[in-house]
Each structure stands twice: as C-alpha cells, then as structure tokens.
Amino acid sequence: MIDPVWTDKLAPLVERDHFIQEALSKRGDLNDTYHPEMEKVHLENSLKLEKIIEKNGFPVLSNAGDEGVRLAWLIIHHSISRSDFMRECLTQIRLAMAAGDWPPELLAYLEDRVAYFEGRKQLFGTNLDWIDAELKPTEIEAPDQLEHRRKSMGLPEMRTDFQNGERPPADPDKKQKEFQIWLKKMGWRP
C-alpha cells in the first residue's frame with residue numbers, strides 16, 4: 001500500500017532544493033564551489049529523510065510509489081556531504097532493485113555518483129564534470145560495454161553533446177584542489 005507520507009513530506013523539501021538551486025544559478029554562484037546555501041539545504045533534507053526512513057522504513061515502489069521514490073532519490077542523490085548515509089541508501093536501493101521494487105535508472109545514477117566520489121570509474125556514464133573546459137562524462141569502466149549496461153538499466157544511448165549553457169569553473173585548478181580536500185573531509189576518500 002502506498003503511504004502518502006513520502007510525497008507529502010518530501011515534495012516540499014525537493015521544491016526548496018530546486019528554488020535555492022535556481023536562485024544561486026541565476027546569481028552565477030553554482031559553478032566554482034559547492035555553495036554553502038545549497039549544502040545547507042541538502043544536509044537538512046537528508047537529515048529529514050533519514051528520520052522519515054527511521055519511522056517508516058526505506059522508500060520503495062511498493063510503499064512510496066513512483067513519485068515518492070523519485071523524491072527520496074533526489075534527496076539521496078544530493079546528500080553528498082553525508083557519505084555514510086548515501087552509501088547506506090545505495091545498499092538499500094540495490095536490495096530494492098534486486099526485488100524489483102526500485103526504478104533501475106535511478107540506481108544507475110546513484111551508482112555512478114558514489115563511484116565518482118570514491119575515486120572509481122563509473123559504470124553507466126551518468127556522471128559529468130568539467131574536463132579541459134568541457135562538460136564530459138567522468139572516467140567510465142569498460143567503455144566498450146557501456147551501451148549494454150545502460151540498456152540493462154533502462155537508460156538511453158549515451159549522448160555526445162553535454163553542453164547545457166553552464167560555464168566551466170573560473171579557476172579549474174583551485175576548484176580541483178578544494179574538491180579533493182572536501183572529498184576527504186566528507187569521508188569519501190582516505
């Protein structure tokens with residue numbers, strides 16, 4: 001039975017996330033660092049989701065419905081400052097996916113995101129970053145098998161054009177150094 005708590009509680013959190021992201025983007029404040037306002041929203045949302053999970057169990061298609069799962073996934077996907085929480089959610093999502101209770105494409109995105117933060121190659125080509133002033137997929141494991149893996153998760157064929165009007169970081173070296181420090185601080189890297 002679908003419990004409306006998932007959409008009722010999570011929709012406002014995701015709306016706030018989108019609102020802050022849009023406001024920061026309009027100001028041009030999103031490209032060079034993980035903006036403190038955005039991080040604050042992501043942290044607050046993940047803590048609220050964690051409390052809902054503690055009370056109601058993990059959101060899956062059979063208890064949260066498609067909309068509830070997608071809302072929860074977005075909050076999990078943005079929980080990058082909480083590596084342990086994100087990893088635990090990934091484990092739960094893998095289990096739900098194995099039981100046919102989770103959308104496969106959402107698992108693919110989270111697998112790639114966690115792999116990237118942990119310094120591993122991604123499997124599905126969903127993670128992009130600025131490389132040589134171009135928005136490109138980060139390193140891919142066994143690229144010759146990429147399209148097969150994407151198809152198995154319900155993803156379309158890999159695109160080659162990723163430019164979406166965003167601009168590269170003003171100082172890529174500085175951003176990369178700050179990112180490496182952040183990864184260690186957040187528990188993604190030793």
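**Notes on the helix packing, rings and loops**

1. H1 and H2 are roughly antiparallel to each other, because their axes meet at about 170 degrees and anything over 145 counts that way. The axes of the two helices run 10 Å apart, with H1 covering residues 5-27 and H2 covering residues 36-56. Keep in mind as you read that this is a predicted model.

2. Who makes the H1/H2 contact? From H1 the list is Val5, Trp6, Lys9, Leu10, Leu13, Arg16, Asp17, Ile20, Gln21, Leu24 and Arg27. H2 answers with Glu37, Met38, Val41, His42, Glu44, Asn45, Lys48, Leu49, Ile52, Ile53 and Asn56. Sorted by class, that contact comes to 11 nonpolar, 4 polar and 7 charged residues.

3. Ile53 is worth a click while you are on H2. This H2 residue is buried, since its relative accessibility is 17% and the cut-off is under 20%. Setting aside residues up to four places away in sequence, Ile53 touches Trp6, Phe58, Pro59 and Phe85. Trp6 is also one of the H1 residues in the contact with H2. As for Ala72, 19 residues separate it from Ile53 in sequence, and the C-alpha to C-alpha distance is 9.8 Å.

4. Arg82 lies over the face of Phe85, 4.7 Å from the ring centre.

5. Next, the other helix pair. H3 and H5 (residues 104-118) pack with their axes 11 Å apart and an angle of about 5 degrees, so the two helices are roughly parallel to each other. On the H3 side the contact uses Val69, Arg70, Trp73, Ile76 and His77; on the H5 side, Glu105, Leu106, Tyr109, Leu110 and Arg113. The class count for H3 with H5 is 6 nonpolar, 1 polar and 3 charged residues.

6. Is His78 buried or exposed? His78 sits in the loop between H3 (61-77) and H4 (83-98), yet its relative accessible area is 13%, so it counts as buried. Ignoring neighbours within four places in sequence, His78 is in contact with Asp17, Tyr34, His42, Met86 and Arg113. Some of these names have come up already: Asp17 and His42 belong to the H1/H2 contact, and Arg113 is one of the H5 residues packing against H3.

7. On the aromatic side, there are 9 aromatic pairs in the structure.

8. Ring pairs link Phe179 and Trp182 with Tyr34, Tyr116, Phe117 and Trp188 into a cluster. Tyr34 also turns up among the contacts of His78.

9. Two backbone spots to look at. Most residues other than glycine have a negative phi. Asp132 has a positive phi of about 50 degrees without being a glycine; it lies in the loop between E1 (128-131) and E2 (134-137). Ala142 is another non-glycine with a positive phi, of about 40 degrees, and its place is in the loop between E2 and H6 (146-152). Asp132 is exposed at 67% relative accessible area, while Ala142 is partly exposed at 24%.

10. Last stop: Arg150 in H6. Is this arginine buried or exposed? Its relative accessible area is 7%, so Arg150 is buried. Not counting residues up to four places away in sequence, Arg150 touches Phe124, Gly125, Thr126, Leu155, Pro156, Glu157 and Met158. For a sense of placement, Leu24 is 126 residues from Arg150 in sequence and 32 Å from it in space, C-alpha to C-alpha; Leu24 is one of the H1 residues in the contact with H2.

Technical notes:
Residues are numbered from 1 along each chain as its sequence is written. This is a predicted model: local features need pLDDT of at least 70, side-chain atom pairs count only at pLDDT 80 or more; totals for chains, interfaces and linings use all residues. Side-chain values use heavy atoms; hydrogens and water are left out. Rings of Phe, Tyr and Trp (its six-membered ring) pair if their centres lie within 6.5 Å; planes under 30 degrees apart count as stacked, over 60 as edge-to-face and the rest as tilted. A charge sits over a ring if NZ of Lys or CZ of Arg is within 6 Å of the ring centre and within 35 degrees of the ring normal. Helices (H or I, at least four residues) and strands (E, at least two) are DSSP runs, numbered from the N terminus. Buried means under 20% relative accessible area, exposed over 50%, partly exposed in between (1.4 Å probe, protein chains only). Contact means heavy atoms within 4.5 Å. Axes are lines fitted to C-alpha atoms, for helices over the stretch in contact, and angles run from 0 to 180 degrees between N-to-C directions. Angles under 35 degrees count as roughly parallel, over 145 as roughly antiparallel, 65 to 115 as roughly perpendicular and the rest as oblique. Ala, Val, Leu, Ile, Met, Phe, Trp, Tyr, Cys and Pro count as nonpolar, Asp, Glu, Lys and Arg as charged, and the others, Gly among them, as polar.
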